Amino acid sequence: MQYTLAELAEKTGAGLSGSGDIIIDRVADINDGQQGSIVFVSNSKYTRFLKDTNASAVIITEKMAHNCGTPALLTDNPRAVFSRVALLLNPLPVVEPWISPHAVIADDAEVDSSARIEACTVIQSGVSVGAGCWISPGCVLEKNVKIGAGTRLFANVTIGEGCVVGNNTILHSGAVIGADGFGFVWDKDAYLKVPQLGSVRIGNDVEIGANTSIDRGAIGDTIVDDGVKIDNQIQLGHNDHIGEHTTISGHTGLSGSVKIGKNCVLGGGVGIGDNVEITDNVVLAGRSNVAKSITEPGMYAGVIPVVEVRKWRRILGWIKQLDELAKRIKALELKNK
Amino acid sequence: MQYTLAELAEKTGAGLSGSGDIIIDRVADINDGQQGSIVFVSNSKYTRFLKDTNASAVIITEKMAHNCGTPALLTDNPRAVFSRVALLLNPLPVVEPWISPHAVIADDAEVDSSARIEACTVIQSGVSVGAGCWISPGCVLEKNVKIGAGTRLFANVTIGEGCVVGNNTILHSGAVIGADGFGFVWDKDAYLKVPQLGSVRIGNDVEIGANTSIDRGAIGDTIVDDGVKIDNQIQLGHNDHIGEHTTISGHTGLSGSVKIGKNCVLGGGVGIGDNVEITDNVVLAGRSNVAKSITEPGMYAGVIPVVEVRKWRRILGWIKQLDELAKRIKALELKNK
Amino acid sequence: MQYTLAELAEKTGAGLSGSGDIIIDRVADINDGQQGSIVFVSNSKYTRFLKDTNASAVIITEKMAHNCGTPALLTDNPRAVFSRVALLLNPLPVVEPWISPHAVIADDAEVDSSARIEACTVIQSGVSVGAGCWISPGCVLEKNVKIGAGTRLFANVTIGEGCVVGNNTILHSGAVIGADGFGFVWDKDAYLKVPQLGSVRIGNDVEIGANTSIDRGAIGDTIVDDGVKIDNQIQLGHNDHIGEHTTISGHTGLSGSVKIGKNCVLGGGVGIGDNVEITDNVVLAGRSNVAKSITEPGMYAGVIPVVEVRKWRRILGWIKQLDELAKRIKALELKNK
């Protein structure tokens, strides 16, 4: 696919600087721009690359324009315009309606005639799949699952009985939605399983990463609101509730009954304990450990970065003796009264 | 399904307080009790909710009974009775024996006639599947796998060659049992793979979470004893041995040859190094790091919770200077001798 | 399979000490050697076991030989020789060429006649599979995937469109190669998805663990070089580049555009932030957190091990007051000037 720069300006709503006739046929990284490509700079740290780029055009803010002899799209949000341009030049494949003869679909399942169901996917009784859905090979949709319109399941996704997925949502390969929550109660001499009776409800415009697992609720449902973006290898527990437009990066794990507000940003490798509530607009640095609720918006952290190992051993030695160090300070203070 | 409160008392062995004729048709959360529902309170912190509940009945301890005008089941363990009631009201589906015509089963595999094997599941040569097993779509049982009676495999579970699973065990979707352990030895100019010749043996009444992986032993087997409960996204390494009735929460990772005792509770996100041995009745707080063996029962921790990020930066600055702080204390002590 | 000790010496290039006629038919652990077995000791800590072993032969260094009355293979690298012996005694199964009638293969896919493709595996249009490959059941190879020669995919592996895998590489069950990277840009009132246009390129002699996910690049590819060994439950982000012969242990997660050098060793549960670059020959202790690039080879650490919980609470109390402790030291110093 190719466009003139003027066409890209028009379609993305960006301003145009320089010749609009230039043909653009691909996006590139700022360090790797070739003729025909368009690149972007959103951070003033990188404006120095602008004058040396071989790209045919750049996407920048108006403020950067005076530094730049290359034809440009001007915008307050270069990365967003770049994303739109990338999508124009690399449009998503049109979903061609098709039911593979190697898909196994229950007689009473309702699959919209515009949907695509690929080989070795199993759709059980009572399932509905909306218009324009695309379900890759190897997926399993258990009984009574409901999938909205325009939703994409990549290969080998599992959705458990009765779970609901909204519209225009993307589930990546290996994701497991609706496994039992981790609920057991000790009863004399063994654990008794607490029945996990709820479901999982996933909203619209959600993205869920590869090999991520989201457990069904124990009583009531686990809920992922509209616009939430969840990375790979993530664990959501039973009855968690993730607010709109919150993002969660890889390897983050939530225990049960955790409530995360809207517009939060959870870094990778974060751990959150049972019943914790986090208000809107909280940013958690990667690897954070959260055992208590957070009621004030803001950024939170609590993780030690690596240092050279011998230095770390000395520091760690003192951490283990902090109690004693504090006593020694106290003793000195008494002497110095 | 519905029962009278008297029937529930009889079937669960709980005491009865108030009218036994009340009809109960569902369980509910203490904050969400409606007519027909039964709720439970196990923690005295929540007894204040008892007087306002709209639930038709409650499950409480005898001690709480004087606060409570609602018909009640009385027990020392309200959560266990609640679990039993939940299961009575929501019985597990009966396993209907069936071999899907879309399952692929080796001629010499032995599948009990009371088992259920669903579509696109592949059962290889020499496998045996016991009475009453239910194997969901998309599972793969490699050669010579043995599955006991009453065991449930949810969709897309993989069990590697020769692994053994006991009775009444549950494996959730995406679990991988019996991949090769991570064993390599540097040999001149590249790593040589150490053959992983062992297997995985999983006991009875075990539960294994979604997208969890348990590696086969290098020499000898990886062993998960009876009654162990393992959450999602967990990694067990080669030759690990998990003792009876130990629970392991999400994202916890064990290196190789780790031995965990009986009745331990491992929180989420815990990491345990190679060859570590942990005795019985150890509780590890979530996110714990264990590099050395633990020989005494008890609770262990070592993780820093999040604080507001500017506060954390100040703390972290001092952590990095602990060595110097300790020297300054030493210098003061010398002056104050 | 069985060999005489002399045959094993010859095939592995090890020296021979004692009778070469002894028949060896299995490998064993040093503590569990029985007649017919061969064991190894590479660490002088374990030489004390040599005199009591019931194994028929041992693999040791020349230095250990004087302590040892048992017939032996002598080598500088006992673990490597042991691995070779284990493979001789337990040879990998020969790949028997076969296309399961239950595999679903696009007409224009090129599958080498010596490859083995098992049931319920789906191979889409434009895919090529090299000589001697073995693809287990339940795998999905999306359009235009290229797999080299001698590569092994265990069950339920997913490889996304256009990804490339080299020769003699092993992918374990549940691995997902080529899901979209986690790229979004906030645009007025919601996140806009950044198209993930790159691919994943995996080299030769690589091993990738169970339920690991490796995302495709955003622009340009995610790259795993030859000889890299990646454990289970790992996350590589878009445009990461892992250098030759680097090993990565379980649950380690890399954000996007991370570059790891050659011959690095990343422990388990490590987290690495966006755009971090790590030079060659770096060792990261398990659970390390790396937010900044590492330019010097060496070993790095920064994680607190568990202690008994009451002791930890006291330490943690002081950590939270480090800022104040430092002020108290400062005040004492002023008094003592």
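Two residues are in contact when heavy atoms of each lie within 4.5 Å. The structure described here is a predicted model, in which local features need pLDDT of at least 70 and side-chain atom pairs count only at pLDDT 80 or more, while totals for chains, interfaces and linings use all residues. Residues are numbered from 1 along each chain as its sequence is written, chains are lettered from A and ligands numbered from 1 in the order in which they are written, and side-chain values use heavy atoms, with hydrogens and water left out.

The surroundings of two residues are described first. Pro78(C) belongs to helix α2 (residues 78-89) of chain C; helices (H or I, at least four residues) and strands (E, at least two) are DSSP runs, numbered from the N terminus. With a relative accessible area of 3%, Pro78(C) is buried, a term that stands for under 20% relative accessible area, whereas exposed stands for over 50% and partly exposed for values in between (1.4 Å probe, protein chains only). When neighbours within four places in sequence are left aside, Pro78(C) is in contact with Phe40(C), Val41(C), Ser42(C), Ile59(C), Ile60(C) and Thr61(C). Between Pro78(C) and Ala14(C), which are 64 residues apart in sequence, the C-alpha to C-alpha distance is 9.1 Å.

In chain B, Thr53(B) is placed in the loop between β5 (37-40) and β6 (57-60). Thr53(B) is also buried, its relative accessible area being 13%. Residues up to four places away in sequence not being counted, Thr53(B) touches Ile30(B), Gly33(B), Val39(B), Val58(B) and Thr70(B).

The contacts between chains were examined next. The size of an interface is often given as the accessible area lost when the parts come together. Here, buried area is the accessible area (1.4 Å probe) that two parts lose on being put together, summed over both. Between chain B and chain A, about 5200 Å² is buried, and carbon and sulfur atoms account for 62% of it. Of the area that chain B buries against chain A, 12% is supplied by His251(B), Arg287(B) and Val306(B), more than by any other three residues. The contact involves 62 residues from chain B and 65 residues from chain A. For chain C and chain B, the buried area is about 5200 Å², with 62% from carbon and sulfur atoms, and the contact draws 62 residues from chain C and 65 residues from chain B.

Side chains of opposite charge can pair when their charged atoms come close. A salt bridge is defined as a side-chain nitrogen of Lys or Arg within 4 Å of a carboxyl oxygen of Asp or Glu, and the whole structure holds 30 of them over all chains. Four salt bridges are counted between chain B and chain A, and four between chain C and chain B. Asp187(A) and Arg84(B) are joined by a salt bridge of 2.0 Å, N to O, and Arg328(B) and Glu333(C) by one of 2.7 Å. Arg314(A) and Asp323(B) likewise form a salt bridge, at 2.9 Å. This pair crosses between chains, from helix α3 (residues 309-320) of chain A to helix α4 (residues 322-335) of chain B. Arg314(A) is partly exposed, at 43% relative accessible area, whereas Asp323(B) is buried, at 17%.

Within chain B, the closest N and O atoms of the salt bridge between Glu308(B) and Arg310(B) are 2.9 Å apart. Glu308(B) is partly exposed at 27% relative accessibility, and Arg310(B) is exposed at 55%. In chain A, Glu118(A) and Arg116(A) form a salt bridge of 3.5 Å, and both residues are buried. A network of salt bridges links Asp180(A), Lys193(A) and Glu207(B).

On a 1 Å grid over the protein atoms alone, a cavity is a set of points where a 1.4 Å probe fits but cannot get out, and lining residues have an atom within 4 Å of a point. Grid points are joined across faces, edges and corners, and a volume is the space filled by probe spheres set on the points. Nine cavities of 30 Å³ or more are present. The largest cavity has a volume of about 380 Å³. It is lined by 21 residues, those closest to its centre being Arg287(A), Asn289(A), Arg287(B), Arg287(C) and Asn289(C).

Definitions and conventions:
1 Å grid on protein atoms, 1.4 Å probe; cavity = no way out; pocket = protein on both sides within 12 Å on 5 of 7 lines; lining within 4 Å.
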